[in-house]
Amino acid sequence: MKWIHSLCIPAIILLSACGGGGGGGDAVVSGDSGSAVSIRMESDGLPVNSAAVQVLTVEGTALKKESYTGLLNGEEIILAKTVPGNLLLMLPGDLPPGSHELVVDIEGKKKTLHFESRASTGANRQTDLPSVQQTLLDSIADADDAVATLQTEGAPQERINEVIAHRDALSMVLAELDTLTDAEIFYLRQYFSFNLQTDTPLVGTSAAATPRNWDACVASFKRQHLALAGLMTAVVIGEVLVPAAKVAWANPLVAVAIGGVAGVAVIKVWPKLMSSIDDFIADCASINTTSLEQDLAVRSASAVAPRTTSIIDDERREYENDLAKRYRLVNEYRYEEQAASLLPDTRSAVIRLSDFLPDEKEAFFLARLVKDYSEEAPAASLNLEQISAPDVTGDLAPTGENTFELTFSKATGTPFENEFTFVIYDATNDIATRYTARLWSDGHCPDYTIDLANVVLTDDKCIVIQARPEIDSLDYQEYQQQALVMREYYTVGNAAGIELKSLKGLSDYDHIPEMWVERIDAYYQYSVLWEEPGRPSVRARNVLYSVGGSDLEYIYSAPILQLRGNSLEWDSVLKEAIYYLNDSPGPVSARELYSDPLQNDDYTWSSVMREQAWYDELGNIRSRHVFSEPMKGPDGTWASAEAEGYNYSESGEITLEVIYHVPAFSNDGVLQAPKSIYRDWDGDSLVEETIFTLPLQTTAGDWQSVPEERLYSVDGWTELSYYSAPLLATDGTWESLVVRKETTYDTGGTTVLIQSEPLQATSGEWQSVMLSTSSSEPSGYSNDAVFSEPLQQSDGNWVSVMESSSRTWEDGTSQSITYTNPLQNDDGSWTSVLDEERNYSGATMTSIATYAAPQKPSNGIWGTSYLSRTIWSGNSRTELDYSSLLEAPDGSFVTSVIKTKRAYDGSTLQTEWLYASPYLDEYDTWTTYIRRVNYHSSGCYTTYSQNGSILTDTCQ
């Protein structure tokens, strides 16, 4: 589609009678009366208006250039060519009244033209300003309409933007009108009044409705010539004259206003020229011959003016009973000699405006602006009438814009032939053509049925019933014109009491015996290719029945030629599959839709899945899968992949949605579409949403995606997980690991876990370790922990160990714990042990514990235990000291036991407990006991034995 060329030009300017208006008479050409070349001003009167555009006609030579330079009263001015033989002159706005001289060099011949201009009525801002405002408002509204039209027609965005630019420019001029002088406003009012008629339709642009004749042809030619002149006037004003004009505007808004109004008007007026050329073709070309061609070619058609014609076709046509033949009705047109003489100028107009015409319209015009051309009648306007044989029926069925099928039938199954005539009436062109024909048939039954006993011949079909004892089945077949159209299989038996002869309405045929069946097993329907010799038939539909299970129905495409071996055979491909809960046509449990037939590179045909749906027993949809557009794989066959998947609740709400990426073929040729988005709902609540990466190709060549982000919300909490960049695993597939997880609770609490960026273990496995965790609750409780940088163990795996933790409770108490630097155990694993623990009540410390330097026992696992503890309670405090680290007898851990304990009141030592040296108890656990208690406040003491009995008490 071509669109209007450069809408930025100040385009359509429609001339009032192709001139500027005036008194009477033509302008005078002087100084070259002996020359064969002449020039005159095409005005309906003189004097002319100073702001009017004038058309000059040049005779005696062809205009070879697009523009010419002239002198108007000694000042240089540009004249531009429009249609052949015409030049356009844009008069200055400040041209004074009186006599003027125009000198033009026309192909080496200087021509002088004298003309008169009248005085203007004078500026009147009160009347001029509203007129200009209204013109601008009308053009802005026209621009909005033009934008809507172009968008509907699918015009390029740059063309739409040009119209929008005109509209915006006019809006700007409208807003700034008050800044223009009275003279500038007056000039615009004159210019628009004399030259622009945006709301006046061209004369004769409606479709002609009278029979073709010479007068109508001439009138149509004049209409299209005037329309062409108007359009070309606009083009040359925009492309040549406005940039070069010596008009007296000092304010650039004047030029913007002229260009903008004209640029918008072009989009409204240029279709009128196409309409006038349509009229010329309709009025000037008449039908010479009409032919009914058995041809599948499709050409564009056009409605033309009606004219009554009756034609007798001498060809005798052959039709087989019920056999369709495809045709197109071709009308041959010719222009009479007088009309043909007008064709060159009309073709020249179309060629000159090729940039303004859609491609198809330009081709339409040029194909018909020749002395002889053909045109196909629209199939929808054709009717089959007046069949002479009363027992013959016929049908004319459109198969395309210009193609149709003719079918004739006689209701008998036996062989016959019949002579008859028929008429095809072309309503568009009012032509009735009578044809002679012969209808014949070899009958319905194929040859092989002659020797069969169970055969019934009717007017419309041949019925054949054959027993298939090898599969305990009856085969019921129906033929038309010897082609199979329907087939059914029944299981033999009488348990259900079904008698096939009665079921099929064959009770009046005594030679057919009773045939008892239990049920139908399968039903097949065939499409018959009546156009083909031998009338082959292909599958169109079949239903498979089952006992106590779901039934299946297949629906196939229209017949297509399929390559089998080295020959072409008619076939069809699957178009729809329906699964029933019980005997069809009961409730549908599932439905599959397939594409139109697609040809593979080996010239076979196939179809691919387009949609899948599953239903419940009430007919409500419960699941649906939509597939991608078909794509041809590297092996030359077509495939599709799932594009969208949905699950539904009983009330029809979506409960699960899966969106897939655009599919691509894997290295082994399988079309794959990895997940893009996964959403899971519980009622109106979104339970899970996972966003996946762009497709990634595995080492094996398969396509997959991995999570980028996941939202999970259930039971009063919501978890948001962020994942690492995609990682290639050792098995060649891709994975991603959680690097951050944020959990929020409906009660107001939060938890944030931060993991390290993925690290590859020696085994190749990707791992992520904890870096920090923090949580808070609305009650005031919070818990934070910090871990070390990732550490690789001797087994190749990565871990992190605790560095510090802190907790705060709602009552203001808090705890702070620090750990040692990472320590590697003998088995290569990493650990950290306690270093210090502090507890607070508000800002006041309530206890502090320090731990001994780490020690590695016999088992090789680092450990530690208390070194000291201090506990405050108001003004009192308790201090505890511990022994050195002690190793368990089996070397499994280290520990310490209390060595001394001191209680203070302020700075005064009140009581001191002294403990015995550590010893192993009966459980092989290090322990101790209170050996002595010193009561410093009273100056006495008490000693104890290992079993706790008092040995000495000086306090009594």
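How many helices and strands does the chain have? There are nine helices and 72 strands, counted as DSSP runs (H or I of at least four residues for helices, E of at least two for strands) and numbered from the N terminus. Keep in mind that this is a predicted model, where local features need pLDDT of at least 70 and side-chain atom pairs count only at pLDDT 80 or more, while totals for chains, interfaces and linings use all residues. Residues are numbered from 1 along each chain as its sequence is written, and side-chain values use heavy atoms, with hydrogens and water left out.

**The chain overall**
- Of its 956 residues, 47% count as buried (under 20% relative accessible area, 1.4 Å probe, protein chains only).

**Helix α1**
- Helix α1 covers residues 125-152, 28 residues in total.
- From first C-alpha to last, α1 reaches 40 Å, close to the 40 Å expected at 1.5 Å a residue (1.5 Å times one less than the number of residues).
- Its buried residues include L129, V132, L136 and I140.
- After α1 comes G154, with a positive phi near 75°.

- Leaving aside neighbours within four places in sequence, L136 is in contact (heavy atoms within 4.5 Å) with residues including L170, L177 and V261.

How values were computed: Buried < 20%, exposed > 50% of the residue type's maximum accessible area, 1.4 Å probe, protein only.
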